[in-house]
Amino acid sequence: MDRKEWLFKASFYTAGSLVMASNPLSPFVGWAKRANGPIPVEIKEENGSFQIYRGGEPYYINGAGGGGHLELLASIGGNSIRRWSTGPDTMNLLDRAHSLGISVCLGLNMGKERHGFNYDDEEAVASQLTRMRDEVLKYKDHPAVLMWGIGNELDLNYTNPSVWHAVNDVSKMIHNEDLHHLTTTMIAGINQEKVDHIKEKCSDLDLLSVNTYGGLTALPENVRKYGWDEAYIVTEWGPTGHWESPRTEWDVAIEETSTVKAELYKDRYQASMGSDSEKCLGSYVFLWGQKQERTHTWYGMFMENGDPIEVVDSMQYNWTGKWPEKRSPGIDDYRLDGKTALDSIYLNPGQQVDAEVFPINRSSGNIEVEWDVFHESTDLKDGGDREEKPPKVHGRLSRREGTTVRLNAPEEEGPYRIFVYLKDEEINRVATANIPFYVRD
């Protein structure tokens, strides 16, 4: 049995017993219904190698950030989800996750300096600690809980290192109130200063969590270069980030096609988590859901209507070593006026040009092609903060013929994007791409 198969199977053990599920697409989920109360989680080290044990058995995190589509997650080898905060639906979510054999990294939403929180304000920090305690006491005995995520990217655009003392105090509180679960904090990338601060000021944490995108493949090397000697997980990873991507001449980020993303999800996983059996204890891919962040397709692994995008196929391969029997369509190339997204395309108001997509049909199903035009987003935030989707531009597409559409450029000067979606109607899986263009006289 190779390491990938062992990790896949080990991740479904708990409490010293293994119960085979009746659903062949969701192996081993039956065990979850047998557990009552918290399932103890710990990290053990042997000869410099680390391993999570859950219920006394080895556990490797095949995780995703999000809270929906849990049945699909379990069916393709996922066993854990990450939440950034608690809320009114948290207990129901924990129940649903547990019934499917899925654990939860439960986030505690701490104030961020970039949002105005002052970690030198002792009263505010104390009040926050009290709120954290209430949340821990409410959920700590649920069997779905795997670990506590103390804040998310508190280091993003920060200047006050006192935040790390606050994180450590929350971790100490958790370990005092909850004897069964791990504590961690999620940082935005890794560097020497962050590692030094956390080692000095956050010694109570059980492991480190890193959010990284384009830098994922270098992470195993960097955690060692910067002197992190303990275990870690990757709590956000996925496509190339918009801050890392090529840009047009008018300075908007160019998004990869879903086919390029799918290849990167596979290759980066294998080169990072798949290569570090010593310190890395698993990961949470981003985002198991849909959101607007620069575009409505950049980070989400699902369309707004819930259809999976082809990167989901890559995660099934990463977690199980096998592709789906019927795979999502892909995109070999996508052009506007014969040019690619990298060509910084300018159009005149009302100019008529064709957009053409070149599909990859992997399952011999019927592929439906749809098109949209949107204004370029202007509601740009940092750190995944909520953004509003820009307005759609209506009435500018005509002559839809197969894989080609005629674009009548908008009359209003400014930046836009033309999107294409390829859907296999049999399996309801989708490929996506977009090209930015700029209208000017």
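The following conversation goes through selected features of a predicted model.

Student: What should I know about the model before starting?
Tutor: Residues are numbered from 1 along each chain as its sequence is written, and side-chain values use heavy atoms, with hydrogens and water left out. This is a predicted model, in which local features need pLDDT of at least 70 and side-chain atom pairs count only at pLDDT 80 or more, while totals for chains, interfaces and linings use all residues.

Student: In what order do β1, β2 and β3 form their sheet?
Tutor: The order is β1-β2-β3 in an open sheet with antiparallel pairing. Strands are DSSP runs of E with at least two residues, helices are runs of H or I with at least four, and both are numbered from the N terminus. Two strands pair if DSSP finds at least two bridges between them.

Student: Why is one side of β1 and of β3 left without a neighbour in the sheet?
Tutor: β1 (41-46) and β3 (57-59) stand at the edges and each has a single partner strand, so one side of each has no neighbour there.

Student: How many bridges join β1 to β2?
Tutor: Six bridges join β1 to β2 (residues 49-54). Within β2, Phe50 is the bridge partner of Glu45.

Student: Changing topic, what is the volume of the largest pocket?
Tutor: Its volume is about 900 Å³. On a 1 Å grid over the protein atoms alone, a cavity is a set of points where a 1.4 Å probe fits but cannot get out, whereas a pocket is an open set with protein on both sides within 12 Å along at least five of seven lines; lining residues have an atom within 4 Å of a point. Grid points are joined across faces, edges and corners, and the volume is the space filled by probe spheres set on the points.

Student: Which residues are closest to the centre of that pocket?
Tutor: Of the 43 lining residues, the closest to the centre are Glu153, Glu236, Glu293, Gly383 and Gly384. The elements giving two or more residues to the lining are β7 (145-152), β9 (208-211) and α7 (219-225).

Student: In which sense do β9 and β10 pair?
Tutor: They pair in the parallel sense over four bridges, and Val210 stands opposite Val234 in β10.

Student: Is Asp372 buried or exposed?
Tutor: Asp372 is buried, with a relative accessible area of 15%; buried means under 20%, exposed over 50%, and partly exposed in between (1.4 Å probe, protein chains only). Asp372 lies in strand β15 (residues 367-375).

Student: And where is Gly350?
Tutor: Gly350 lies in the loop between β13 (345-347) and β14 (352-360). Gly350 is partly exposed, at a relative accessible area of 28%.
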